[in-house]
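Dear colleague,

I am passing the structure on to you with this message, and my notes on it follow below. Please read them alongside the coordinates.

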Amino acid sequence: MAFNYYCIDAGSQYCPCYLAKTDNCLICSILQGKEYCDCKWQGICVYQEYIWANGKIEERKSLCVTIAEKKYINDRLFTLTIEIPSDSLIRAYNQPGAFAFLRPANFLEYYDVPLCVMDVDESKKHLTFAINIIGPKSKALAISENAILIRGPYWNGLFGLKHIKSSYNKNWIVIGRGIGQASLLPVVKNLLRGNNRITVLLDPGNLKVNLVEKEINKLGIEFQVFDLNSSFHKIRLKEIIEKSETDFIYSCGSDAQHKFIQNVLNKVGYKIPLVISNNYQLCCGEGICGSCESMIDGELIHLCKIQLGSEQVLGG
Ligand SMILES: Cc1cc2nc3c(=O)[nH]c(=O)nc-3n(C[C@H](O)[C@H](O)[C@H](O)COP(=O)(O)OP(=O)(O)OC[C@H]3O[C@@H](n4cnc5c(N)ncnc54)[C@H](O)[C@@H]3O)c2cc1C
Ligand code: FES
């Protein structure tokens, strides 16, 4: 066992998954076909779960749901609010890092687009997504009118989830740029429940809009508008990190943004956890197709399901 990591689905209703049936479990050595236990223990025994399940696998199926609202913010960006038919399912989506695959009702699976859950309204059973129109898949979503297919929930939309879930009374800086801001609200809402103090920095990026501005205001949090490309704001970020006695940072944006923040932390000599949004190319989300595989510390890691620290994902 080279280094420690855990599977986001282990212990959830979606464990065991098909990987266990084919001796490809991501964390259980016995369910990898080995004869000894050398698991990355995360509080449950996946092998035991597999025995108890007696061959039954809980699948995430594509559900056809109603579009409650579609709103264009500009010609490259729209939000989509959909109705989820079940209370337990809507609760399962109400987590930091939650995402789903969406595609138009009459399109094939390869049109699936991974999208962060931007906001959840449990009382109305509404999920809201923000979609940047770029290529074939997002353009197909843009022409969907009444119904849409959704497959989920998936939870590995960010790396460093344990820091968010266990944080109480700490100082956080949350930095969101462009469409990256789509994963910001569930994180901020979770941190507020833990009585954490949050400094929010919003950079509109190429989309030229701060998606979450209104909701952040409603939560009573003041935000600062940033341009992470400007040298003035680069220096300002260093000052904010030093002055606010920061315990954690959440960066939602591109990998270039994550690396830039990692460099700032290294320069100011701050050894604090950096939590980052997951930007890998995802296709199945189930650890099967291999599109998210990356060689990290000599191991082939499926980043759709594996939780790692940002230093392992970004390197250095
Ligand atoms: C966990 C996660 C959450 C995301 N959340 C959002 C979101 O809330 N809103 C949003 O607009 N976008 C989000 N994205 C990115 C979105 O999935 C891609 O922009 C989309 O798949 C592009 O598809 P396309 O056919 O429109 O464009 P393409 O022309 O196919 O691709 C444009 C860019 O998107 C990347 N991309 C293409 N396919 C995928 C894929 N299957 N997975 C990841 N990246 C891909 C490509 O590398 C390329 O850089 C998220 C991605 C991930 C991994
Ligand atoms: S997205 Fe298919 S293996 Fe990770």
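What distance separates the centres of domain 1 and domain 2? Taken over C-alpha atoms, the two centres are 26 Å apart. The assignment, which is of the automatic or database kind, gives domain 1 as 1-59 + 280-308, domain 2 as 63-154 and domain 3 as 158-279.

Please keep in mind that this is a predicted model, in which local features need pLDDT of at least 70 and side-chain atom pairs count only at pLDDT 80 or more, whereas totals for chains, interfaces and linings use all residues. Residues are numbered from 1 along each chain as its sequence is written, and chains are lettered from A and ligands numbered from 1 in the order in which they are written.

The ligand

Around ligand 1 there are 23 residues, of which Asn132, Gly135, Lys137, Ser138 and Ala182 come nearest; a residue is near a molecule if its C-beta atom, placed from the backbone, lies within 6 Å of it. Two or more residues of this shell are given by each of β5 (113-116), β7 (126-132) and α4 (136-142), where helices (H or I, at least four residues) and strands (E, at least two) are DSSP runs numbered from the N terminus. By class the shell has 15 nonpolar, seven polar and one charged residues, with Ala, Val, Leu, Ile, Met, Phe, Trp, Tyr, Cys and Pro counted as nonpolar, Asp, Glu, Lys and Arg as charged, and the others, Gly among them, as polar.

The six-stranded sheet

Six strands form an open sheet with mixed pairing, in the order β9-β14-β13-β10-β11-β12; two strands pair if DSSP finds at least two bridges between them. At the edges stand β9 (158-159) and β12 (223-225), each with a single partner strand, so one side of each is left without a neighbour in the sheet. Strand β13 (residues 248-252) runs parallel to β14 (residues 274-277), to which three bridges join it, and also parallel to β10, with five bridges.

Five of the five residues of β13 are buried, so the strand is largely enclosed by the rest of the structure; a residue is buried if 20 or more other C-beta atoms lie within 10 Å of its own, exposed if 12 or fewer, and partly exposed in between, with C-beta atoms placed from the backbone. Phe248, Tyr250 and Cys252 lie on one side of β13, and Ile249 and Ser251 on the other.

Helix α6 (residues 184-193) lies across β10 (171-177), β11 (197-203) and β13, and runs at about 170° to β10; axes are lines fitted to C-alpha atoms, for helices over the stretch in contact, and angles run from 0 to 180 degrees between N-to-C directions. Contact here means C-beta atoms, placed from the backbone, within 7 Å. The buried residues of α6 include Leu184, Val188 and Leu191.

Backbone geometry to check

Two cis peptide bonds may interest you: Cys15 to Pro16, with omega about 5°, and Gly152 to Pro153, with omega near 0°. Pro16 lies in the loop between β1 (6-7) and α1 (18-21), whereas Pro153 is found in strand β8 (residues 147-154). Asp23, although not a glycine, has a positive phi of about 60°, and this residue is exposed, with 12 other C-beta atoms within 10 Å.

With kind regards

Notes: Two residues are in contact if their C-beta atoms, placed from the backbone, lie within 7 Å.
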